[in-house]
Amino acid sequence: MKTASMIRNSDHDFLTRVKESEQDKFAQKAIASAQDAQWVKREGARQELGNWEDWRNLGEQIRQHVVRYLPDYLEEFSDNVEKNGGHVFFAQTDVEARDFIVELAKKKQAKHVMKSKSMVTTEIGIDKALLEIPGLDLLETDLAEFILQEDDWDEPTHLVFPAIHKNRDQVREVFIKKLGYEGDNDPQHLARFARKVLRERFLKNDFCITGCNFAIADNGWINLDTNEGNADLCMAIPKTQVVVMGMERLVPTLKEAETMDNMLARSAVGQKITTYCTFTNRKTADETDGPEDFYVVILDNGRSNALGTDFEPILQCIRCASCLNVCPIYRHIGGHGYGSIYPGPVGSVLSPVLEGNYDDFADLPYACSVCAACSATCPVKIPLHKLLVKHREIMMDDLHQSQLIEDAVMRVVGLGTGHPSLFRPALGVAHTGTSVIAKKNPQNVKNLYEDGKHLSWMPFVFGGWTKERDFPDPPAHKDGFRKWYKTHKPVEADPKVAAHTAQRQQEIKAEKAKRGEAQHD
Amino acid sequence: MKVVIFSTCVVDMLFPNVAKAMVEVLERFGCETYMPMKQICCAQPTFNSGYVKESRHTMHNEIDALMGVDADYIVGPAGSCVNMLKELPFHLKDEPDYQAKAKQMADKTYEFSQFVYRVLGIKNAGAELDAVGTYHRSCHMTRLLGERTSPFVLLDNVKDLKMEPLPHIENCCGFGGMFSMKEPEISKQMVNEKVDDVLSTGASVLISCDPACLMNIGGRLNRRGEKITIMHLAEVLNHNVDMSRVTFVDSKEGALV
């Protein structure tokens, strides 16, 4: 499998990107408040369903089922697209997909091309390729993507709020500079202005490219969810439509599409359903609008790397971005910090899978505190935090990609924590070693440093800790818990509580026995 | 009832008072405690860092040590480490013998607050602490172990302790084991936000059921020069105890295990 090459969107290394993100105080604040607001909206929208965990189980089942029988559903979908008079092109790589669309645009003599939001088209780098065709103009129609395009193709930072990092003043500046805008920074005025520019362009549109939220196998339709109607406007006028989709974005029937749309909107934007929820295919004889030439490009580009591996669940993803909206790392480093067009927890899992190696994205699996907020929010139950640990396992155990000292330290930790005979003396050694570098004062936090000392500097990888925090000085062996336990006289039990505890134990035993019997029935 | 103390490596090495408090509370409530000296660590540090092969010995050792005593329960003072013990059957799926043993172990392992509230059925542990407190809800204990209730019930019943809700309680403190060392810049931003949230409550005591989170937040608080007391829940429940204050879970609430 050839590796995906367009998903990396920054030349800077990870640490530089993190520092850049930290300096961008506006973006940090914007993301934090967006996360907080989204939390309330999302949880509210989910609670309306009353049984969100049941919905998650259903969502997981639907997506797992599709991934398991992917070849069958791909065949069924593509047969039905052809039956409806459309065409399907299977692209194994980003280059194949891009070349196909560029050739098609040339063949159709496309002049005015419009796009409705699609991560996959960013993945294949279609924009720049199309702009190389002489006389062709291209416009992004999602308001946020439109802003980014006008801002010299600034990189998106979020899957569903691509321009989350920009404030109204920045947007106004872009509009003044590039489009001759003369108004103030009121978001309504800005949006109205953008709409005017876009509406005029929609009428000239002769070739459109859209994404696809779900492709419906049993009728060959595609399903698009938007809040601006831009996808509908994109598709209504031009003769040719190209749909670009990742090969996993299938559902068996309309019924499952309805379920997934419901979960997608609630997870992504905290709405019951998006303002526009469109089902479409090639124009039929009795319809007045819609494309006569309908093409679907189905992209692999590294997705099949996940099939049959521990990473297969990442193909369940429906790009709702709720994992970004709860991730504490994303909260602080923003989308640009990840250096991939797929940011956040899902991007940290997906990017190395698509790439097929760890050349560009080795840092991402470590940009995670394993807090599992992502896994807990995922509407289709992808165990994201576990998959990130899996990436680490492959890098450390299988590929030995660790730095030398850190590797040695962790292997010593592995050895020490696996053998009691090595751990016991280590308890004493640790104290002897650290008492030399322990600071007596100033000590501010009570209780944490029981012997009144803390460490402000530690060697090796542990230095990362003391760079920002003080570390407790390990107590001497004589003050340790083990020593205490060996000599302590058990606290006398309170008779009343002990009697209650004993009775409760009997009750629990009886309850467990009953449950055990029930299981045998 | 017989209870094995799962001391965890962090508590064993750095916070003896947490384990002592836990032992004293449990004994006061009628538990016979056992501390297997062979135990070391649940294997989480190496496992989560990707050193999965290296972590096998650690897992085996911990299972052998904790299951070496024929006890009714295993109780630990750290939600995250207790959750790791619960996950060991999955991590050892290729080793049937150890997996079976790990399954038995997981079934009888509880985090300290869970054990007091859900197993012992105690609502008010009889403690008293004249302070304003706030509670840091650790990620693993809440999301992976699924324990969202026990600590709050027990803290709400501590005499004279006024609890203030912690803003952004759902956000990670930025520890994450190796994460805090490998990505100190991001971790610092996370713990700083947590520290700001803790200070905004006006609490004089920060309480948690995860010593590693306390070590992280406390370490940053200390570096920033903030005066605050940090306590594990076991230390709070062991503070100025008067057993006449103890109340039990209403029998109508049923078995909570």
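Two strands count as paired if DSSP finds at least two bridges between them, and helices (H or I, at least four residues) and strands (E, at least two) are DSSP runs numbered from the N terminus. This is a predicted model, where local features need pLDDT of at least 70, side-chain atom pairs count only at pLDDT 80 or more, and totals for chains, interfaces and linings use all residues. Residues are numbered from 1 along each chain as its sequence is written, chains are lettered from A and ligands numbered from 1 in the order in which they are written, and side-chain values use heavy atoms, with hydrogens and water left out.

**View 1. Strands E1 and E3 of chain B.** E1 (residues 2–5) runs parallel to E3 (residues 73–76), and three bridges join them. Look for B:Ile5, which sits opposite B:Val75 in E3(B).

**View 2. The open sheet of chain B.** Its four strands come in the order E2-E1-E3-E4, with parallel pairing. At the edges you'll find E2 (32–34) and E4 (109–111), each pairing on one side only.

View 3. Is B:Glu170 buried or exposed? With a relative accessible area of 16%, B:Glu170 is buried (under 20%; exposed is over 50%, partly exposed in between, with a 1.4 Å probe and protein chains only). Setting aside neighbours within four places in sequence, B:Glu170 is in contact (heavy atoms within 4.5 Å) with A:Trp39, B:Arg137 and B:Arg143.
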